[in-house]
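Have the model open as you read.

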Amino acid sequence: MLAESGKLDRRELTRVLLEDRGEMAVIAGLGAPAWDITAVGDHPLNLPLWGGMGGAAMIGLGLALAQPNRKVLVITGDGEMLMGIGALATIAVKKPRNLSIVVQDNEHYGETGMQETATKHGVDLVAMAKGAGIPRTMFVTKPGEVPALKAAIHEGNGPFFAVAKIDATSKKLVLPPRDGSIIQARMREAILGPAAHHQL
Amino acid sequence: MDPNAIDQAPDAAASWPDQIYDLLKKHEIRQVALVPDAGHSRLIKRCLADNEIIVTTLTTEEEGIALLQGAWLGGDKGVLLMQSSGVGNCINMLSLSHIHRCPMPMLVTMRGDFGEFNPAQIPMGAATQSVLEAMGTLVRRADTPEDIAPTVDATIRMAFNTFRPTATLIGQRVIGAKTFGKD
């Protein structure tokens, strides 16, 4: 699971986290996290984002509040999380037990030329989450810590927030469906059944 | 109401905040996202007192757009309440509604619109309708008390029946403009 840099391989990490996921719904922030969740196996309960930068965690919150008995996992990048960092306060106040957020932190904006993000310069997202009032957090750098990360995601004792430091190398592009209406409709159908498409 | 509050809340005799609440119930709205505005203060109180409505107070309005997206994925109908200045914070996030065809009704109380005292409210107040429409939002205004409920009803219907962002702008003429005693 380690890249040559000695840091976690993002795709291997994603593969392990989504293995045997059960009925868990997964929101992936735009860019590499969206490619990652698609590369390890596209799924009706995946919402890979093509845009809406800064919104992944809040989409996770809206879904977690609507479906309190279903685990919801947000996988996103450090740049995406930083853009919507106030969401940590909003989520901490709502206390959704079924919501987990995992930031795959490569300390760079990967889709735009690998410019450095604030986490490269010491900004500590775990400390920010704790400061917001999210009680359960993890900082993951080693493969040996990943089973505990996975267990925390599945525990349902959230809100849970983790940063996993990952290797910055870009992986092979594996693109999800580009028609967002299909991505939304298939998740709604997977959660709500055929009624998803009928008049409310 | 706090006499030192800068924003103006609707007159206690005004029935339109309660009419909006009744519409939220009629349309089975389950999630209400908001950044507070004095114009919505009574409606916010009604929602907070309702155990069947999940109220989420946001740090910035664009969070509300993302929240509505997530709520809809999970089968919940939501609305976003905000002041006109907050519309400016939502613009790029509104792309979610177009990408996914997600219903996103917004109920906006206007500042910088009619008799405004605060210069800082004018730029966004004057631009609110244009920028919403530039992002493909169906915008309808209500400038009299009796227009508010039918317009909000239409805004909620058009969002959920036709899968797009929609907005009612509640004019400052209805809410009233505070003058800080400088009439």
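The questions below go through a predicted model.

Reader: Which residues of chain A does the UniProt domain annotation cover?
Author: The record is an unreviewed entry. In the model, the span is 38% helix and 22% strand, and its end C-alpha atoms lie 19 Å apart.

Reader: Which elements give two or more residues to the side of chain A that touches chain B?
Author: The contact takes 30 residues from chain A and 29 residues from chain B. On the side of chain A, the elements that give two or more residues are helix 3 (56-66), helix 5 (87-94) and helix 8 (180-192) of chain A.

Reader: How many residues on that side of chain A are charged?
Author: The side of chain A that touches chain B holds 15 nonpolar residues and 13 polar ones. The number of charged residues there is two.

Reader: Which are the edge strands of the open sheet in chain B?
Author: The sheet has six strands with parallel pairing, in the order 2-1-3-4-6-5. Neighbouring strands are turned by 20 degrees against each other on average, direction ignored. An edge strand here pairs on one side only. That holds for strand 2 (54-57) and strand 5 (138-142) of chain B.

Reader: What is the bridge partner of Ala33(B) in strand 3 of chain B?
Author: Strand 1 (residues 29-34) and strand 3 (residues 77-83) of chain B pair in the parallel sense. Five bridges join them. The partner of Ala33(B) is Leu80(B).

Reader: What angle does the direction of helix 3 of chain B make with that of strand 3?
Author: Helix 3 (residues 61-73) of chain B packs on the sheet. It touches strand 1, strand 2, strand 3 and strand 4 (104-109) of chain B. Its direction makes an angle with that of strand 3 of about 175 degrees.

Reader: Is helix 1 of chain B roughly parallel or roughly antiparallel to helix 7 of chain B?
Author: Helix 1 (residues 16-26) and helix 7 (residues 145-162) of chain B have axes 9 Å apart. They pack at an angle of about 20 degrees. Angles under 35 degrees count as roughly parallel. Therefore helix 1 of chain B is, relative to helix 7 of chain B, roughly parallel.

Reader: How many residues of the contact of helix 1 with helix 7 of chain B are nonpolar?
Author: Helix 1 of chain B brings Trp16(B), Gln19(B), Ile20(B) and Leu23(B). Among the residues they meet in helix 7 of chain B are Pro145(B), Val152(B) and Asp153(B). One residue of the contact is polar and one is charged; the nonpolar ones number eight.

Key:
Residues numbered from 1 in each chain as written. Chains lettered and ligands numbered in written order. Predicted model: local features only at pLDDT ≥ 70, side-chain atom pairs only at ≥ 80, totals over all residues. UniProt positions renumbered as here; feature names shortened; annotations may be inferred. Helix = DSSP H or I, 4+ residues; strand = E, 2+ residues; numbered from the N terminus. Contact = placed C-beta atoms within 7 Å. Nonpolar A, V, L, I, M, F, W, Y, C, P; charged D, E, K, R; others polar. Pairing = 2+ DSSP bridges. Axes fitted to C-alpha atoms, helices over the stretch in contact; angles between N-to-C directions. Parallel < 35°, antiparallel > 145°, perpendicular 65-115°, else oblique.
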